[in-house]
Amino acid sequence: MVTTPYSSFPTKSFWSRGVSRGFRPEDLVSTETKFFRKGDKVVSAGSCFAANIVPYLEKSGFAYVRAEVRPSILRVPTENLGYDNFSASYGNIYTARQLLQLFYRAMGIWQPKENVWEVGGEFIDPFRPGLRYRARSREEFDALTQQHLKQVKKAFETASVFVFTLGLTEAWVSQDDGAVFPACPGTVAGEFNATRHKFHNMTVDEVIGDLNEFICEVRKINPTLRVILTVSPVPLVATATGGHVLHASIYSKSVLRVAAETVVGANDNTFYFPAYEIVTGPQSPADFFEADKRNVSRVAVETVMSALLANCELSDVAPAAPSLIGTVKQNDSQALSQALVAAECEEAMSDVFGPESAGS
């Protein structure tokens, strides 16, 4: 019998047996380490997946860190751009550089030059432009921002595991110091200025550098922090490259996937969870996306989260792999898919300014 190195490889290493038939999402997980363990305190940030793990984790008995809760004295409606979805009210963090800069601001070692927009007597945070409540004075704005950054630092100090979902490579940055905005100025708030704001599309090396730097810096205040990286399966809503949005989406996701793999290999206690592959791989059924081919379906969400929890150390008393299916009305077929991309609402504002939308 002829033997080769392939003779000893497991079934999952072969397309015909690992993808064409017998595909199991949990086989994509390449680590035996449990993503979440009993007693973990979880902090998440990033794009869609980062927000949507929260109800599953909490129902499974894990503690999700909520360092910043809006005071009840602020009688404003519930936030709709993701600010209430995360461990602190930083909202959606689309790029690795945005994450790194947030951490540096929280640590008090860097402050962007363009750190406030004043519009009509209101003071707007350029890095949280969609907040419903806007300060009425610079003093109030500074106090609220200082309190917010204090809670961001507390979240990172408290966590035992941090989940970051990489969403985009495209960013709008300040010409002054490279500060990354969560959305193009003028789409959610503020005013676009071509002399002050520029478009930048991150390269693989830039994403790797930013992630490595973040992990190094955050472990100076939390040495045992475990880091889980994942890539959002949700395509770009629009691209500022001037090219086709499909081309831009594939570029971004490819860069992020390569960067995640490289960073995991370079850092201890850093892992990758394959949400992107589960949803977008050729083995995925057509119903993993809604008719718009962007929103991820509730079936896909359920599959992703079941695979995640299958690789977690669940509480003895908590239900395993809690399901969100059935918690929404049956006639609301897009409820979960909309929830999955709700964290990308700021990005979605870019489409409002498209040529067909401009006159509507």
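Colleague: In this predicted model, is Phe-156 buried or exposed?

Modeller: Phe-156 is buried, and Phe-162 is buried too.

Colleague: What makes Phe-36 count as buried?

Modeller: Its relative accessibility is 1%. Buried means under 20%, so Phe-36 counts as buried. Phe-62, at 6% relative accessibility, falls under that cut-off as well and therefore counts as buried.

Colleague: Why is the pair of Phe-36 and Phe-62 called tilted?

Modeller: The ring centres lie 5.7 Å apart, with 50° between the planes. Phe-36 is in the loop between helix H1 and strand S1, and Phe-62 is in the loop between helix H2 and strand S2, 26 residues apart.

Colleague: Why is the pair of Phe-156 and Phe-162 called edge-to-face?

Modeller: Their centres are 5.3 Å apart and their planes stand at 70°. Planes over 60 degrees apart count as edge-to-face, so this pair does. Both residues belong to one aromatic cluster, which also includes Phe-103 and Phe-214.

Colleague: How do you know that Leu-246 is exposed?

Modeller: Exposed means over 50% relative accessible area. Leu-246 has 52%, so it counts as exposed.

Colleague: How does the reach of helix H8 compare with the expected span?

Modeller: Helix H8 has 12 residues and reaches 16 Å from its first C-alpha to its last, close to the expected 16 Å. Among its buried residues are Val-301, Met-305 and Leu-308.

Key
Residues are numbered from 1 along each chain as its sequence is written. This is a predicted model: local features need pLDDT of at least 70, side-chain atom pairs count only at pLDDT 80 or more; totals for chains, interfaces and linings use all residues. Side-chain values use heavy atoms; hydrogens and water are left out. Buried means under 20% relative accessible area, exposed over 50%, partly exposed in between (1.4 Å probe, protein chains only). Helices (H or I, at least four residues) and strands (E, at least two) are DSSP runs, numbered from the N terminus. The expected span of a helix is 1.5 Å times one less than its number of residues. Rings of Phe, Tyr and Trp (its six-membered ring) pair if their centres lie within 6.5 Å; planes under 30 degrees apart count as stacked, over 60 as edge-to-face and the rest as tilted.
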